[in-house]
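Hi everyone, thanks for coming.

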Amino acid sequence: MTAAAQIDDVSFAHSGADTSALEHVSLSLPVGEIVALFGPSGAGKTTLLTLLDGRLRHWCGRVSILGASLDPDHPPLRACRADTGFVFQEFALVERSNVLRNVLNGRLGRMSPIRAFFGTPRERDLQVAKTALADCGIADLEDRRVDSLSGGQRQRVSIARCLAQEPRLILADEPVSSLDPTRAAEVLTLLTEAALVRGATVVFSSHQPDLARRFAQRIVGMRDGRVAFDLPTSELSEAAMADLYRDAAQMPAISLRVAS
Amino acid sequence: MRARGFASFTAAVLFAGAVLWSLATTDVELRRLVSSGPRIADFLGRMFPPDPTVMEEIVSGSAETLRIAILGTLGAVLLSVPLGLLASETMSPPAVYRPVRILLALIRAIPLILVAMLMVGAVGLGPLPGIIAVAFHATGMLAKFYSEAIDGVARAPIAALESAGAGPLARLRYAIWPQMAPVVARDTIFRFELNLRESLILGVVGAGGIGFYIQTYVRSFQYDKAASVTIAVVVMVVAIEAFNGALRRRFS
C-alpha cells in the first residue's frame with residue numbers, strides 16, 4: 001500500500017528568515033493513521049502541514065502526497081488539492097456567507113470551473129455538504145451567517161467544509177487551540193470519527209500533550225524545524241514529550257506570540 | 001515635547017505668511033466690498049420672490065441632471081471594475097498596479113468641469129459630454145476605492161478555497177466577492193452622490209442638466225427664476241443625501 005504522504009529530506013526557509021522552518025525532515029504517513037504533530041510554537045508544525053497541503057513554494061527535497069509527487073515551484077492540480085483537506089487554526093471562513101455556502105465552498109474543487117463559478121451545486125454536492133454538517137452536529141445552523149456563530153461552532157463549520165471535499169488526507173492546524181478543554185475534546189472526537197468512517201488519514205498539530213496522546217495513534221515530535229521523534233503513542237513517554245519544551249529559549253517566542 | 005512645540009510654531013508662521021502673502025498680492029479692496037453692499041442687497045432683493053413659473057424647466061433640468069449622474073456612475077462602475085482589479089495588490093503584480101494607480105491619480109487630478117468642457121468640444125452640446133465627463137472623472141476615485149476593497153479582504157478564506165481546489169474565478173466569486181460586496185456598494189452609492197452634486201453645474205459649460213438654466217437666468221438678469229432653480233438644487237442635494245445616507249447604513 002502506498003503511503004498517504006511521503007516526505008524525503010525536505011528543507012525550507014521562509015524568505016528573509018535566518019533560520020530554516022524545516023530542516024532535513026523525512027516522514028512517512030501510512031494510509032488511515034491518525035497522527036499528531038507535537039511541539040512548541042515555531043517548531044515547524046504549520047509549515048509542514050502547509051507543505052503537505054501543496055501550498056508551500058520553493059522547498060528542497062521530495063514529497064509525494066497520495067501517490068502524486070509535489071512540484072516545489074507550482075501548485076498541485078485542482079483534483080489533488082481537493083484530495084487533501086485542511087482545517088485552519090483561525091477557521092478561515094467567509095464571515096458574511098452562511099454556513100451551507102461555506103461548506104459548499106469545500107466542493108468547489110470537485111466541480112468543473114464553470115459550475116464552480118456559477119455556484120450551482122449538483123444534488124450530490126448538496127448531499128455531501130449536508131452529511132458533513134450533520135456529522136459535525138450543526139445541521140440546524142445551515143442558514144446562519146458565520147459572523148453570528150461562536151468559536152466552537154465556527155470550528156465545526158470549518159471541519160464540515162473540509163469533510164465536504166471528501167479528502168483522503170485531512171490536515172488540521174491546531175484545530176482546537178482556541179477552544180476550552182471540553183469543546184476541544186468534542187471537536188477532535190468528531191474530526192477523528194468522521195475521518196475513520198471515510199477511511200481518511202489525519203494529521204493534526206497540537207501543543208497539548210493530553211489531546212495528542214488521547215486522539216493520535218502516532219505522535220511526531222518537532223523542534224526547531226526537525227523531527228525529534230516519531231513513535232506510536234503507546235511507546236512514547238510523557239518525559240520525551242515534555243523534553244521538547246526543555247529550554248527557556250522557547251519562552252520569549254511564546255510570549256511574543258501571545259502579545260501579537 | 002520640544003519638537004512638537006517647534007512644529008506648531010513653524011506651522012503658525014507658515015499659515016500667517018500665507019495669509020499675508022495672499023492679502024498683499026491680491027487686489028482685495030475692503031473699501032470696494034463696503035461700497036458694494038447696497039448693490040449686493042439689490043441683487044439679492046431681485047431674487048425675491050422666486051419665480052414659480054419655471055417649474056417645468058426645473059423638473060426637466062433636474063431629471064436630466066439625475067440621468068447624467070446615473071449613466072455617468074454606471075459608466076464609472078464599468079470602467080472601475082477592470083481598473084480596480086488592475087490597481088489591486090492582491091490581483092495584479094507591481095509592474096501593473098503601480099502604473100495603473102498613477103494613471104488613476106492623474107485622472108483624479110483633472111477637474112470635472114475641465115473634462116466636461118473638453119468633451120463638449122469633442123462631441124457637441126447636450127447631456128452626452130456630461131455623462132462621458134462624469135464617468136471619466138469618477139473612475140479616478142471609484143477604481144481606487146474598488147482596489148482598496150479588494151486589498152482589504154481577509155486572506156485566510158482565499159487560502160482555504162485554494163486548498164479545497166477552487167480555481168481563481170471561484171475564489172473571486174466565493175471568498176473575495178462576499179467580503180468586498182458591502183464595501184463596493186457603499187463606495188458606489190457615495191460616488192453617485194458626489195456625481196449628482198458635481199453634475200449640477202455641468203450645464204454651465206453646455207454639458208446638459210439643470211446648470212444650463214442657472215446660467216441662462218443669471219446671464220439674462222432673471223434673478224427671480226435663478227432663485228427658483230437654486231432652491232430646487234438645494235432641495236435635490238438634501239434629498240439625495242438623506243436617501244443615500246439611509247441606503248448606506250443598510251450595507252454595514
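Predicted model: local features only at pLDDT ≥ 70, side-chain atom pairs only at ≥ 80, totals over all residues.

Now step back into the helix itself. α5(A) covers residues 123-135, so to speak thirteen steps of the chain: it has 13 residues and reaches 18 Å from first C-alpha to last, close to the 18 Å expected at 1.5 Å a residue.

Which residues of α5(A) are buried? They are A:Asp125, A:Val128, A:Ala129, A:Ala132 and A:Leu133. These residues sit on the same side of α5(A), because they cover an arc of only 140 degrees around the axis. As a reminder, an α-helix has 3.6 residues a turn, so residues three or four places apart point the same way. Over on the other side of α5(A), A:Glu123 and A:Gln127 are exposed.

And what do the buried residues of α5(A) pack against? Their partners are α3 (99-104), α6 and α7 (181-198) of chain A.

Let's follow α6 from there. Helix α6(A), residues 151-164, lies across β6 and β7 of chain A and runs at about 175 degrees to β6(A).

That brings us to the sheet. Six strands of chain A make an open sheet with mixed pairing, in the order β6-β7-β8-β3-β9-β10. At the edges are β6 (84-87) and β10 (226-232) of chain A, each pairing on one side only. From one strand to the next, the twist averages 15 degrees.

One pair to zoom in on: β7 (169-172) and β8 (201-206) of chain A run parallel, over four bridges. There, A:Leu171 has A:Val203 in β8(A) as its bridge partner.

Terms used
Residues numbered from 1 in each chain as written. Chains lettered and ligands numbered in written order. Heavy atoms only, no water. Pairing = 2+ DSSP bridges. Helix = DSSP H or I, 4+ residues; strand = E, 2+ residues; numbered from the N terminus. Axes fitted to C-alpha atoms, helices over the stretch in contact; angles between N-to-C directions. Contact = heavy atoms within 4.5 Å. Expected span 1.5 Å × (residues − 1). Buried < 20%, exposed > 50% of the residue type's maximum accessible area, 1.4 Å probe, protein only. Arc of directions from axis to C-beta.
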